Structures are given as C-alpha cells and as structure tokens.
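Please examine the sequence and the model shown below before reading on.

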Amino acid sequence: VWLQQDGAPPHYALSVKEFLNDSFPDRWIGRGSPVSPAPLKWPARSPDLTTCDNSLWGYIKEIIQSRRYQNNEELKDAVRAAFATITPTMLRKMSHKTWRRIILCYENDGDHTDTLEGLH
C-alpha cells in the first residue's frame, strides 16, 4: 500500500488508520478522530521545504506568465522551453536554499521559514 499526502487536509479512513497502526505503531502523523486520535497530530500549517515549491516553480511561473498562449500546445512548448533554461548552477543554488529552509525550520521548532530573517 502506498500512501501520499496530496496537498489536501489529511485523509481519514479506518482501513488506512489500521494499516498505519500496524505498520508504524505510534509513529504516524494524521487527523484521527475524537474517539480514535492519531499518535501525532497533523501540524495545522506545516512548512513546505522542497526546492521545487520554493524556487523552481516560481522561476518557471515567472517566465510562463510573461505572455498569453493561444492553446495548450503553445503553453506546453513554453513550459518545456522555460525548463530548458535551467542550468546546473541554478539547481545547486536552489538546493542550497532548500537546506537553508530546513535548518531554519529546525532551529525555529518547525515554524514557517518564509517569515524568518536571512532567508533570501
């Protein structure tokens, strides 16, 4: 069984909870219910620390939003062209930014990093 958070609030189903309890006793994060709580509560606003969300998509979005497209194929071509402009040096910088966010998040007890000084 593969479980993945999809950006929506945490899902709750008894069969999933039973699987998690069997596979990861007292080690999974979830919503649970009042009569059957999760071992660890899902953070209300957990920070997103991935390079794609913090740097790459912003870069691509900035390029793509610079004009209007006549159809989906034209848009797809523009996305491909935008990705083709990314260099190994850019990816290294994005990776370093991600690690800085992880460290800042850790040092601030899991708080969001976009509001912390010294990030940019």
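Two residues are in contact when they have heavy atoms within 4.5 Å. By this rule A78 touches I64 and Y69, when residues up to four places away in sequence are not counted. The model discussed here is predicted.

**Overall organisation**

The protein chain contains four helices and two strands. Read from the N terminus, these elements follow the order α-β-β-α-α-α. The chain has 120 residues, of which 18% count as buried. It exposes about 9400 Å², and 56% of this area is supplied by carbon and sulfur atoms. Among contacts between residues at least 6 apart in sequence, 33% join residues at least 24 apart.

**The nonpolar core**

Which residues make up the largest nonpolar core? The seven members are L56, I60, I64, A78, A82, I86 and M94. Two elements, α2 (51-64) and α3 (72-84), each give two or more residues to this core. The greatest contribution comes from α2, with three residues.

**Helix α4**

Helix α4 covers residues 88-107 and has 20 residues; at 1.5 Å a residue it should span 28 Å, and the distance of 29 Å between its end C-alpha atoms agrees with this. Its buried residues are M94, T98, R101, L104 and C105. Seen down the axis of α4, these buried residues fall within an arc of 125 degrees, so they line one face of the helix.

S55 and K97 are 42 residues apart along the chain, yet their C-alpha atoms are separated by 8.1 Å.

**An aromatic pair**

The count of aromatic pairs comes to one. W57 and F83 form this pair in an edge-to-face arrangement, with 5.5 Å from centre to centre and 75 degrees between the planes. The pair links distant parts of the chain, since W57 belongs to helix α2 and F83 to helix α3, 26 residues apart.

**Accessibility of selected residues**

| Residue | Relative accessible area | Class |
|---|---|---|
| S55 | 12% | buried |
| F83 | 30% | partly exposed |
| W57 | 42% | partly exposed |
| D26 | 62% | exposed |

The classes follow from two cut-offs: a residue is buried under 20% and exposed over 50%, and it is partly exposed in between. S55 therefore counts as buried, because its 12% lies under 20%. D26, at 62%, is over 50% and therefore counts as exposed.

**Backbone angles**

Where does D26 lie? D26 is in the loop between α1 (14-23) and β1 (29-30). Its phi is near 60 degrees, a positive value in a residue other than glycine. Another positive phi, near 55 degrees, belongs to D109, which follows α4.

Notes. Residues numbered from 1 in each chain as written. Predicted model: local features only at pLDDT ≥ 70, side-chain atom pairs only at ≥ 80, totals over all residues. Heavy atoms only, no water. Buried < 20%, exposed > 50% of the residue type's maximum accessible area, 1.4 Å probe, protein only. Areas by Shrake-Rupley, 256 points an atom, 1.4 Å probe, with all protein chains shown as cover. Core = buried A, V, L, I, M, F, W, Y, C linked by side-chain atoms within 4.5 Å. Expected span 1.5 Å × (residues − 1). Arc of directions from axis to C-beta. Phe/Tyr/Trp six-rings, centres within 6.5 Å; stacked < 30°, edge-to-face > 60°.
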